[in-house]
Amino acid sequence: MRSNHRELKKRAWAANLEIAKHGLAIYNFGNASAFDPEAGLVAIKPSGVAYQDLSVEDMIVLDLEGKIVEGRLRPSSDTRTHLMLFREMRGIGGLVHTHSTYATGWAQAATPIPILGTTHADYLDEDVPCTELMSAEATAGDYEAETGVQILDCFRGRDPSRTPMVLVAGHGAFTWGKSAEQAVHHAVVLEEIARMAFVTRAIAPAAARLPVHLIRKHFERKHGADAYYGQGEQGRASDAERSRRRSSASKRQRP
C-alpha cells in the first residue's frame, strides 16, 4: 500500500540514520522526528528499533495530539515530548533526542555547558541551558510529557530559534531546527561543544567564560541582522550552478 506521507517519513528516516552515522547514539538509543506544519503531522522513529534495521516504511506518522495516522509499529517512547515541543515551539520542523556521551555527561551533572570559546559562540550567545531535575511527583505522572514541560519551563524568556538545544538534567540532550536535517546538525554541534568544554575544564578547571565582545562578534556574524558568514542565497545558487557544470563536464568526458 502506497504511503500518503512518504516524503515526511523519508525526512525522519534520514535524520535518524544521521544520528547513528555521527556516533551520537548506540543500538537503539535516541530518536529524530520531522514535522509538517501545514498538515499538522509528525513522523518519528519507532520504539526500540536499531538504526541499521530502519526503513522509510517503519516511520510512524501522528497528528499533534498523538493519534497514529500511518504506521504499523509503536512510536518512540519519547513521542509525547516531541509533540509537545512541536505544539509550543513555533517555527521548528525537526527534533532530535540523543544520549551522546559528552552532552549527556553535562546533563547527568545537571550543569549548563559554559560558553568558553568561539566555536560555541558561533551557534549560541549563551551557555547551553540545562533543565531542573524532574521531581518525584512529575516522574510518577506522564513522564514524557513532563520532560516536555521541563524543557518549556527552561525556555521561558528564551528564544528557541537562537538557542536550538537543551540538556535535560540527569537524562540527555534535545536539539531542534527548521528541519529534521538542521536538528541533527545541531545535535552534532552540541556534542562537539560539550566535548570541547569538558577538555577545556580538564586542562584549566578555572577557565573563564568567553568575553562578551567575542560572544557577540561570533554569534552576530552568523546570525545577526548584518550576518556575513557564508555565501547566502546568491552563493547557494552559485554552488548549484557549479554542481551542474561539474556534472555536465563529467558526462562530456565519458567515452
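This is a predicted model: local features need pLDDT of at least 70, side-chain atom pairs count only at pLDDT 80 or more; totals for chains, interfaces and linings use all residues.
Residues are numbered from 1 along each chain as its sequence is written, and side-chain values use heavy atoms, without hydrogens and water. Local features need pLDDT of at least 70 and side-chain atom pairs 80 or more, whereas totals for chains, interfaces and linings use all residues.

Select residues 79-88, helix H2, and residues 143-154, helix H6; helices are DSSP runs of H or I with at least four residues, numbered from the N terminus. Their axes come within 7 Å and cross at roughly 40°, the axes being lines fitted to C-alpha atoms over the stretch in contact, with angles from 0 to 180 degrees between N-to-C directions. H2 and H6 are therefore oblique to each other (under 35 degrees is roughly parallel, over 145 roughly antiparallel, 65 to 115 roughly perpendicular, and the rest oblique). Contact means heavy atoms within 4.5 Å; among the residues making this contact are Met-84 and Leu-85 of H2 and Val-149 and Ile-151 of H6.

Next, select residues 101-108, helix H3, and residues 180-203, helix H7. This pair packs at an angle of about 65°, with axes 7 Å apart; H3 and H7 are therefore roughly perpendicular to each other. Show the side chains where they meet, including Tyr-102 and Trp-106 in H3 and Leu-190 and Phe-198 in H7.

Finally, select Lys-45 and Tyr-51: the charged end of Lys-45 sits over the ring of Tyr-51, 5.2 Å from its centre. Here, "over" requires NZ of Lys or CZ of Arg within 6 Å of the ring centre and within 35 degrees of the ring normal. Then select Arg-158, whose charged end sits over the ring of Phe-155, 5.9 Å from its centre.

Conventions. Helices (H or I, at least four residues) and strands (E, at least two) are DSSP runs, numbered from the N terminus.
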